[in-house]
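Q: I would like a close look at one part of this model, followed by an account of what surrounds that part. Please keep the description connected.

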Amino acid sequence: MGAVHISTTINGDTVEYICRPDESLLDVLRDRLGMTGSKEGCGTGDCGACSVTIDGRLVCSCLVLGAEAGGHEIETIEGMADGDKLHPLQQSFLEHAALQCGICTPGFLIAARSLLERNPDPTETEVRYWLAGNLCRCTGYDKIVRAVMDTAKDMKKKGRRNAA
Amino acid sequence: MLTVKLGGSLAAKAGGKSEFEIEGRNVADVLRALGELCPELKPILDKGVSVSIDGTLHREALYQPLTPANEIFILPRMAGG
Amino acid sequence: MPLDTKPNVIPTTFKTVGTRPVRPDGVDKVTGRARFGADMQAPGMLVGRVLRSPHAHARIVKIDTSKAEALPGVKAVITSKDMPAQEGCDMDVLTNVMARDKALYDGHAVAAVAAVDAAVARKALKLIKVDYKVLPHVTDVDEAMKPDAPILHAHIEHEYQQDLLETAGHVKGKKERTLPKGKRPSNIAGRYEFGHGDIKKGFAEADVIVEHEFTTEATHQGYIEPHACLASVSSDGWAEMWVCTQGHFMVRDVCAKLLGLDVSRLRVTASEIGGGFGGKTTVFIEPVALALSRKAGKPVKIVMSREEVFRATGPTSSASMKVKIGAKRDGTFTAADAILKFQGGAFPGSPVEMGAMCAFACYDLRNVRIIGYDVVTNRPKQAAYRAPGAPMAAFAVEACVGELSEKLKMDAIDIRLKNAAKEGTVSSYGPTFGPVGLVETLQAAKAHKNYKVKLGPNQGRGVASGFWFNFGGQTCTTLNLNSDGTLGLAVGTPDIGGSRASMCLMAAEELGIAYDDVRTIVADTGSLGYNDISEGSRVTFSSGLATINAARDCKKKLCQRAAMIWGIPEEAVEWKDGHARPAGANAGNFEPLSIKELAAKASGTGGPIAGHFEVNADGAGPSFATHVVDVEVDPETGAMKVLRYLVVQDAGKAIHPDYVEGQFQGGAVQGIGWVLNEEYIYGADGRLQNPGFLDYRIPVCSDVPMIDTVIVEVPNPGHPYGVRGVGETSIVPPLAAVANAVSAAMGVRATTLPMSPPKVLAALENKMRKAAD
C-alpha cells in the first residue's frame, strides 16, 4: 500500500501531508507535523490524552487514521489559545492548579471545551461523566472538575454562550 | 562508648545481635567497626545504609559526629517513590 | 558542606510562602508547548524498538539477528552481547534491561533494533529469531515460596524453618514432610525482622485479639506518559540523552556504568515528566537507546507502548500478609505481630523491609514484631510506587485496628488517639520520633464535618492512618542574579508535582522580592553537581532547603556589594525587605539599595552575583496522615461508590497549598483505584492478561467525589521553614480506609484487594449463607 496525500484544515490553517494508510492522525500530528501538544498515553483510545475535535466532534486522534482527515476541520490544543490570549478554560486550569505533571492537560482542555460548547451549564455529575474518557493520575480530578465548573459559571456571567 | 542498634536485615546479618557498644566519634567509625565485628554485614554497610540519629534519618552522613547521648540506629538503605 | 550550626529558627509568618500563585511552567502545559519525553526530535534520528519475551520463564538458547540486520533501513540490532557486564555495575539492573541467559517474565527485553522508521523497526523485530526453551514459571508469592517451586536464580538460597514451611502452605493439609537441613535454592531472597519487647507476654495481657490474613495484588503507578528517551552517542564517545525521568543524574550515572562510559561524557537533560510516582526512578529503555545509538552512529528514540509499560516496567509488589493485634478493654494495644510476604518480580528487592518498618509506625507499642520475606517471581522487576511497601502493610494493620475498634465498641479515631505515636515514642522500627503530627491529624479528622455525616443503608465509614519517613539526599542549586534584578534559579530535581512554583516562593520569601521575579528551571547534568532522584517526598524539602540557603548566600554577597558601594564594613550591612540597608544608625545614613539597583551595579562592583548551595540534606521529617471515607455498596451488583473522602495530613509548612492539596488528592485517588479495581491479572501461562488501560482500570473522573483536604502544620525542625515532604504518605491510608468503609458497609471484613464487585458479591453471599446456617 502506497503513501497517501492528504489536504486538511488544522486550527484554521490549510495543511498538507503525506502519510502511510495505517498511520493514525495522532502519529501524523506528532511525527509529521511536529505538533506534539496531543499526547499518546495508550494508543488504544482509553486515556484521552490525544483528544482533538474533528468538525466539532470530540475524538481520540489515536483512533482516527491520518488518511481519514482529508477535507475536515481539526482542532488541537495548539489552536486553543487565541495568539497570546488563553482560552478561559486554560486560564482557569492554571488558577485552580488543575494540573500537576500536565501530560493529560491538553486532552482535558479539548474535552472540556467540547463539553461547554454543548452544555454551557453542566452539573458536577455531567462534568465528571463527560470527562470520564480522559485519564489523570496526578490530581484525583478534584481541581480539574472545579476548574471546568468555575469556567462555565464565569462564561455564563460574561454572557458567552459559545465556548469556541 | 556509643550504643548502636541494628534494625531488620542488618541484625540478621550480624548473627542476630541487634545492639553493639562501639568506640568512635562519627558514623564512619561505627560502620567500620561493625564491618570488622560482623564480616557478613560488611558488604551491606559498604553498599549503603540509612542511619537514624535521635530520630532523624541520614543517608550516607559518614562524618556526622556521634556522642554516647545519641540514639543511633542503623537501618536498611531506604528509598521512596 | 555541613549545614549552618546555628539553631534553626523557623519563621511563624511568611510573606510569599503559603500563597497560591500560578506556576511558572503553567502556560506551556496548558498550551501543549511543554516538551515531554517523546516530544523531542533530532536530525537523522532512528526509531528504536525492543523485542520482548512472550514466555514467563525460558532459557534463551540462541538469538539469530542476521535477517533483521539485513533488512534495508535497519541500522543496528543489539542483544545482551552488546551490553557486556562492566565492573561494579548492578547486574540485576543490567539483566532486567536486557535478558542474558534467561527470559524471566512475559515482556522481558531480549533484543532491540534501530531503524529509519517505526514500520521498518516493527518488521525487523519480526525477523529476529529467538530459540527459547520454556521453563515452568511461578507468579504467585505464596506459591513461589514453596520449596518445590520453579527456581528463578540458582544463586539465591534460603534455609527453610518449620514455621515458614507452614506459612508457605507446604504442610497444609498434607502429611508433614521434612526437608533436609541447610540452605537450598529458593525464591526467597531475604528474611527481615523488626520489633522490640515480648509479643508472647503482650498477647497474654490482651483482652481482645484480632488476627487476619490478607492479600493484595500488584498494581502499576499508572502514569499517563509512557517511558521515552532520545539518545545520541557520537563516535568520540560523547553522549547526550533527553529523557522523562525522576532522576536524570541517576540515569547518567547508571547508564554510564552499564555502558562503560565516563560519567562526564554523558549529558542527560530531564524533559517534562508525565507522571512517575516512583516508576521512573530507575532505567529500562535508556541504556538500550544508548547502546543502539552507539552501534548505529545516529540518535535513537525509543518510546514505550502502553502494553510495554504494563508488561516491562516496574509495578509494585503483590503481598500475602498475616497481622495480629491484641488490646486491653480500654483500647490500649498490648502487642502487635505481622508477617509480610512480598514478591518483587524477577529480581530481589521488593519493598518488604520498608513495609515492615511502616506497618505499625503510627502506634506506640511496647511489644511488636514484624517479619518480612522478599520473594522473586516470574514478573517484571518491581519499582517504587509512592511510599513503597507501606500501603499494603497499612491496609492489613489498619483493617485489624478497625476490627478492634468495632469489637471494643470504641470510636475508630479514639482508639487510634489512645495508641498514637507522638514525639518521644519509640517507633516500631526502632528510632524515637521527634516532633510529629499524627495526633493533630486524628483530632482534625474527628472535628471535620465529614465525620459527623449520618450514614444510610448499605453505607459504611472507614478510617485509617498512615506514615512515611521522607528523605533528604544530595542536592545542588544555583541562584543567578540577572542584570535586570530578576533571579534565575537552577535546581536538579525534576519537577513531578509543581515544585518549581514552591522553589520560586521560597527564594522570593528569603530575598524579600516578588514571586514573579524568580524563575526556576530544572538544569541538565552538565550544569549542576549531583542531585539525587525526585523521590522519597524529598524535593520541596531538599531542593527547598538548598534554595533557601543559596538565597542566603546570595544575600550575603549582595550585602558585600552594598558595603563596597557605601565604603562601610560588610558586618554593617543587613538585608531587609528586598533591600540592603545599613544595620543600625552607626553604620551610616545611606538610602537602601534594592536588588534591582545592586544587580545593575554588579559588573562595576566585581561581576555577576550568584548564590549556590550543595548538600547531602538530612533532617527530613516524617509525615503522618488520617483519612476518613464513606462508601456505599450496591448489594445487587457489588459496585461501590465513594461518597465522601477526607485527607488530613501534616505538611510541616505548606509552601504552595494548592500543590500540597494536589498531592493529598492524587495519592488518595491512586489508593482508591488500588483498593477497588486495579490488579495485575496473570494467566495460567504466566502472561499478563490486562496490559492496557481498558482492563487495568484506574479511577476515572466519574468514579470519585471531590476529595476534601485539611493541611496540618507541625513544623519540621530540620528545614528552615519547617517543611515536611507530603507526596507519599497520601497513598498509605487509602487502601485501609476504603477497605474498612467497604467492610463496614457490607458487614464483612475485606481481606483481599482489590475489592472488585465480584469479590464484594461473593463476600455478601457468603455472609448470607453463614447467617442462614
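In which loop of chain C does Gly621(C) lie, between which two strands?

A: This is a predicted model. In chain C, Gly621(C) is found in the loop that runs between strand E25 (610-617) and strand E26 (623-633).

The surroundings of the residue come next. Gly621(C) has 28 other C-beta atoms within 10 Å and is therefore buried; the cut-off for a buried residue is 20 or more. Leaving aside residues up to four places away in sequence, Gly621(C) touches Gly434(C), Asn470(C), Gly652(C), Asn716(C), Gly718(C) and Arg724(C). Asp484(C) is 137 residues from Gly621(C) along the chain, and the C-alpha atoms of the two are separated by 38 Å.

Chain C is divided into three parts: domain 1 (26-34 + 472-617), domain 2 (37-135 + 226-273 + 280-312) and domain 3 (318-470 + 621-772). Domain 1 of chain C and domain 2 of chain C have C-alpha centres that lie 39 Å apart. In the contact between them, domain 1 of chain C supplies 14 residues and domain 2 of chain C supplies 14 residues. On the side of domain 1 of chain C that touches domain 2 of chain C, the classes are 6 nonpolar, 5 polar and 3 charged residues.

Two sheets of chain C can be described in detail. One is an open sheet of 3 strands in the order E22-E23-E24 (chain C), with antiparallel pairing. Its edge strands are E22 (573-576) and E24 (593-594) of chain C, each of which pairs on one side only. Strand E23 (residues 579-582) of chain C runs antiparallel to E24(C) and is joined to E24(C) by 2 bridges. Opposite His579(C) stands Ser594(C), in E24(C). Across E22, E23 and E24 of chain C lies helix H16 (residues 539-566) of chain C, which runs at about 130 degrees to E22(C).

The other sheet is also open and has 3 strands, in the order E4-E2-E6 (chain C), and the pairing is antiparallel. Strand E4 (102-103) and strand E6 (129-134) of chain C each have a single partner strand, so one side of each is left without a neighbour in the sheet. Strand E2 (residues 58-64) of chain C pairs with E4(C) over 2 bridges in the antiparallel sense. Arg59(C) has Lys102(C) as its bridge partner in E4(C).

Helix H19 (residues 734-746) of chain C consists of 13 residues. From first C-alpha to last, H19(C) reaches 18 Å, close to the 18 Å expected at 1.5 Å a residue. H19(C) is mostly covered, with 13 of its 13 residues buried. After H19(C) comes Gly747(C), which has a positive phi, near 80 degrees.

Chain C also meets the other two chains. In the contact with chain A, 43 residues of chain C face 43 residues of chain A. Helix H1 (26-31) and helix H18 (657-676) of chain C are the elements that give two or more residues to the side of chain C that touches chain A. H18(C) provides the largest share of that side, 8 residues. By class, the side of chain C that touches chain A has 21 nonpolar, 15 polar and 7 charged residues.

The contact with chain B takes 35 residues from chain C and 22 residues from chain B. Here the elements of chain C that give two or more residues are strand E9 (188-196) and helix H11 (352-358). E9(C) gives the largest share of the side of chain C that touches chain B, 5 residues. That side of chain C divides into 15 nonpolar, 13 polar and 7 charged residues.

Chain A has a domain contact of its own. Its domain assignment gives domain 1 (4-79) and domain 2 (88-157). The C-alpha centres of these two domains of chain A lie 22 Å apart, and their contact takes 13 residues from domain 1 of chain A and 11 residues from domain 2 of chain A. Strand E3 (residues 51-54) of chain A gives the most to the side of domain 1 of chain A that touches domain 2 of chain A, with 3 residues. That side of domain 1 of chain A has 6 nonpolar, 6 polar and 1 charged residues.

Key
Residues are numbered from 1 along each chain as its sequence is written. Chains are lettered from A and ligands numbered from 1 in the order in which they are written. This is a predicted model: local features need pLDDT of at least 70, side-chain atom pairs count only at pLDDT 80 or more; totals for chains, interfaces and linings use all residues. Two strands pair if DSSP finds at least two bridges between them. Helices (H or I, at least four residues) and strands (E, at least two) are DSSP runs, numbered from the N terminus. Two residues are in contact if their C-beta atoms, placed from the backbone, lie within 7 Å. Axes are lines fitted to C-alpha atoms, for helices over the stretch in contact, and angles run from 0 to 180 degrees between N-to-C directions. Domain bounds come from an automatic or database domain assignment. Ala, Val, Leu, Ile, Met, Phe, Trp, Tyr, Cys and Pro count as nonpolar, Asp, Glu, Lys and Arg as charged, and the others, Gly among them, as polar. The expected span of a helix is 1.5 Å times one less than its number of residues. A residue is buried if 20 or more other C-beta atoms lie within 10 Å of its own, exposed if 12 or fewer, and partly exposed in between; C-beta atoms are placed from the backbone.
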